[in-house]
Amino acid sequence: MLEIKNLHAGIEDKEILRGIDLKIKAGEIHAIMGPNGSGKSTLASVIAGNETYEVLEGDIVLDEESVLEMSPDERAHKGVFLSFQYPVEIPGVTTTNFIKTAINAKRKAQGLEDLPAKDMLKMIREKSDLLEMDRKFLSRSLNEGFSGGEKKRNEIFQMAMLEPKLAILDETDSGLDIDALKIVANGVNKLKSKDNAVIIITHYQRLLEYIVPDFVHVLFNGKIVKSGGKELAHELEEKGYDWVKNL
Amino acid sequence: MSLQEKLVSSFMVYENQGNVDLDSNIHGIRCEAISNFEKQGFPDKKDEEWKYTPLKSVLKYDYSVFPNSETTVEFKDIKKYLLHEIDSYKVVFIDGVYSSFLSETTHDGYDICLMSAAFKKPKYKIVLDNYFNKIANKKNSVTNLNTAFSKEGTYINIPKHAVLSKPIQILNFYTGSEKEILLQPRNLIVVGENSYVQIFERHQSLTDNVVLTNSVTEIFAGKRAIVDFYKVQNDKRSASLIDNTYVQQKKSSVVSVNTFSFGGKLTRNNLEFYHEGEHITSNLNSITIIEDKQHVDNHTLVNHKFENCESHELYKGIYDDAATGVFNGKVIVNKEAQKTNAYQQNDNILVGDKASINAKPQLEIFADDVKCSHGCTVGQMDENALFYMQSRGIPKKEAKALLLFAFGNDVVEKIKIPALKTRIIKLIAEKLKVDFGFEM
């Protein structure tokens with residue numbers, strides 16, 4: 001589904017990603033771990049198309065098509081979803097209206113009519129129940145005054161609504177207490193199917209207890225220095241990131 | 001002959017129209033005003049208050065100052081500019097002339113009518129003697145010019161204990177009856193103790209002929225009175241507006257002036273608040289959204305003279321292309337005005353590469369036990385927020401519009417007339433060139 005080939009990317013003159021190779025097939029969950037500053041969030045941003053970063057070399061191919069020339073919204077229409085580490089607050093635009101705008105923008109790009117209000121409401125109800133969301137959040141301004149945990153839950157709610165092919169969860173576990181973590185993880189697991197894939201970016205292995213990855217990659221200094229199965233996460237937790245620095 | 005000379009020489013002819021009582025106070029006030037204007041002239045760049053708003057480009061025309069007799073305008077031509085979906089009082093002027101056909105005035109319990117009638121009829125004399133031209137700033141030359149030519153406008157006199165069940169709309173239309181016209185509406189609004197009134201004011205040109213409106217409004221709020229005033233401007237590129245609004249408040253009154261400037265060639269909103277008692281609240285809210293080479297200048301003054309009063313000022317501006325803006329917010333807290341709570345915030349987003357804003361918060365605080373805060377920001381669009389929305393599939397153009405809408409939202413939330421709020425949201429969407437596809 002996704003193939004990253006020798007990806008070099010950076011900001012201005014600073015190279016952050018120094019040759020990443022990664023293949024992800026439909027139905028797989030990949031975890032990307034690594035110490036602070038290793039380039040995890042940059043990788044997530046670059047896949048989603050953040051124009052702050054410049055791709056210097058290599059390619060990102062989604063379903064046999066390079067996405068490098070695509071804008072973030074075009075990538076979203078192709079099925080990429082990035083759950084933000086720090087979701088943005090948008091006063092005056094309710095969560096419901098925001099997600100409605102997003103869904104209808106995608107439908108428009110696909111040549112479809114707006115989703116009928118009835119279907120939209122039904123879907124909103126199902127997905128918010130899945131994430132055990134208090135419905136009053138849906139009529140509040142997007143993320144405005146939400147706690148860290150509520151924001152993250154709202155991210156996964158949006159993911160559930162948009163039904164992406166490739167979901168990238170950037171530090172979704174940070175700021176979540178254990179109950180919220182379980183709910184979020186449960187939501188992700190229920191959304192998982194043989195047709196989609198998930199990339200989990202995390203500093204700790206905590207979230208991986210609940211969303212079990214098929215592969216774990218360790219990112220350090222802009223490169224994947226080690227890949228393995230889920231046991232690699234435990235090894236990392238035990239040995240600490242200093243271990244990978246000396247690999 | 002310069003415009004100034006033309007205006008001064010037109011004064012006598014203008015004043016002699018109709019049967020002006022040459023011994024009346026009003027005539028005396030007008031004569032004094034024209035002589036002040038003659039001395040002061042139009043403000044130029046040397047005047048600190050007009051430094052960033054040169055009037056040269058609007059004063060170069062050969063304006064006609066004599067309005068034509070009633071021009072016919074059908075309701076359908078102006079419908080979209082007024083709040084037609086709600087019941088309201090309406091005072092409508094076409095090319096500066098009152099249109100009885102389009103208006104809905106009243107004398108039932110309170111007066112919502114015309115300045116020309118108030119100037120003529122003896123029963124209004126006492127109100128005019130007490131209030132007319134009492135707070136209009138005599139140092140302001142364009143206000144003096146308006147006073148000299150003050151013949152028509154809206155007269156509102158609400159006695160004590162009256163809560164108006166419907167808003168009042170003051171609507172000034174220009175049909176292009178002259179190639180270039182100078183309109184000078186003069187409004188007087190007196191709201192008695194414990195009374196409540198909502199007013200909506202709009203100046204709108206219906207053609208591409210040049211119009212300069214030099215408007216003056218005096219508002220007097222009695223004890224515990226509440227006045228909500230909404231000014232909406234979304235005019236043609238051939239229309240300019242200089243608006244001077246003066247507010248005097250008595251004890252425990254609350255006056256809010258909300259200014260929405262969405263376009264015109266040059267717009268100057270001059271707003272001055274004077275306190276005459278304790279526990280007064282003054283609210284000044286505004287959104288400016290302009291593009292191309294449009295110019296909007298918001299000049300505000302809040303003069304705190306009594307204890308325990310509050311002022312809240314929130315001005316937001318979005319400037320695209322090469323649009324230019326000015327915010328000059330002066331707050332004076334006099335020595336005797338202890339326990340004042342004065343708040344001022346001015347936030348601007350420059351969307352266009354050539355857009356600019358000259359922002360000048362001016363606080364003069366002479367009392368020591370006060371809470372005063374001011375903030376001023378000038379920024380570009382938040383790239384991270386744009387990326388967030390795009391990553392959800394919202395195209396950049398809509399994402400930008402949503403962000404800008406969110407930026408102005410706290411001012412929109414202050415609108416207390418639901419039909420107007422819906423209208424403003426639609427206007428903002430139109431200005432941002434998007435269809436949000438939902439009611440917000």
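Modeller: A crossing is called left-handed if the near helix is turned anticlockwise from the far one by less than a right angle, and right-handed if it is turned clockwise. Residues are numbered from 1 along each chain as its sequence is written, while chains are lettered from A and ligands numbered from 1 in the order in which they are written. The model is predicted, with local features requiring pLDDT of at least 70, side-chain atom pairs counting only at pLDDT 80 or more, and totals for chains, interfaces and linings using all residues.

By this criterion, α2(B) passes α7(B) in a left-handed crossing. Helices (H or I, at least four residues) and strands (E, at least two) are DSSP runs, numbered from the N terminus. Two packed helices are described by the angle between their axes and the distance between the axes. For α2 (residues 25–40) and α7 (residues 141–148) of chain B, the axes come within 8 Å and cross at roughly 145°. Such axes are lines fitted to C-alpha atoms, for helices over the stretch in contact, and angles run from 0 to 180 degrees between N-to-C directions.

The contact itself can be given by residue. From α2(B), the residues I29(B), R30(B), A33(B), I34(B), N36(B), F37(B) and Q40(B) meet S141(B), N144(B), L145(B), T147(B) and A148(B) of α7(B). Here two residues are in contact if their C-beta atoms, placed from the backbone, lie within 7 Å. Sorted by class, this contact of α2(B) with α7(B) comprises six nonpolar residues, five polar and one charged. Ala, Val, Leu, Ile, Met, Phe, Trp, Tyr, Cys and Pro count as nonpolar, Asp, Glu, Lys and Arg as charged, and the others, Gly among them, as polar.

A helix pair in chain A may be set beside it. The axes of α3 (residues 95–109) and α5 (residues 148–162) of chain A come within 10 Å, crossing at roughly 35°, and the crossing of α3(A) and α5(A) is right-handed. T95(A), I99(A), A102(A), I103(A) and K106(A) of α3(A) meet N154(A), Q158(A), M161(A) and L162(A) of α5(A). The classes in the contact of α3(A) with α5(A) are five nonpolar, three polar and one charged.

Chain B holds 10 helices and 20 strands. Its radius of gyration (taken over C-alpha atoms) is 21 Å, close to the 22 Å that the globule rule gives for 440 residues, so chain B is as compact as a globular protein of that length; the rule is 2.2 Å times the number of residues to the power 0.38. Along the principal axes, the C-alpha atoms of chain B fill a box of roughly 70 × 55 × 45 Å.

Chain B also has an open sheet of 10 strands with mixed pairing, in the order β2-β1-β5-β8-β10-β12-β14-β16-β18-β20. Two strands pair if DSSP finds at least two bridges between them. The edge strands of this sheet, each pairing on one side only, are β2 (97–98) and β20 (371–379) of chain B. Eight bridges join β12(B) to β14 (residues 281–290) of chain B, and these strands run parallel; F260(B) stands opposite I287(B) in β14(B). Helix α9(B) packs on the sheet, where it touches β14, β16 (310–319) and β18 (341–350) of chain B, and its direction makes about 160° with that of β16(B).

An automatic or database domain assignment supplies the domain bounds, and it divides chain B into domain 1 (3–276) and domain 2 (382–440). The C-alpha centres of these two domains of chain B lie 32 Å apart. Their contact takes 12 residues from domain 1 of chain B and 10 residues from domain 2 of chain B. On the side of domain 1 that touches domain 2, the elements giving two or more residues are β8 (196–205), β10 (226–233) and β12 (254–261) of chain B. That side of domain 1 has seven nonpolar, three polar and two charged residues.

Finally, the contact between the chains takes 22 residues from chain B and 25 residues from chain A. The elements of chain B that give two or more residues to its side are α8 (383–390) and α9 (396–412). The largest share of that side, eight residues, comes from α9(B). By class, the side of chain B that touches chain A has 11 nonpolar, six polar and five charged residues.
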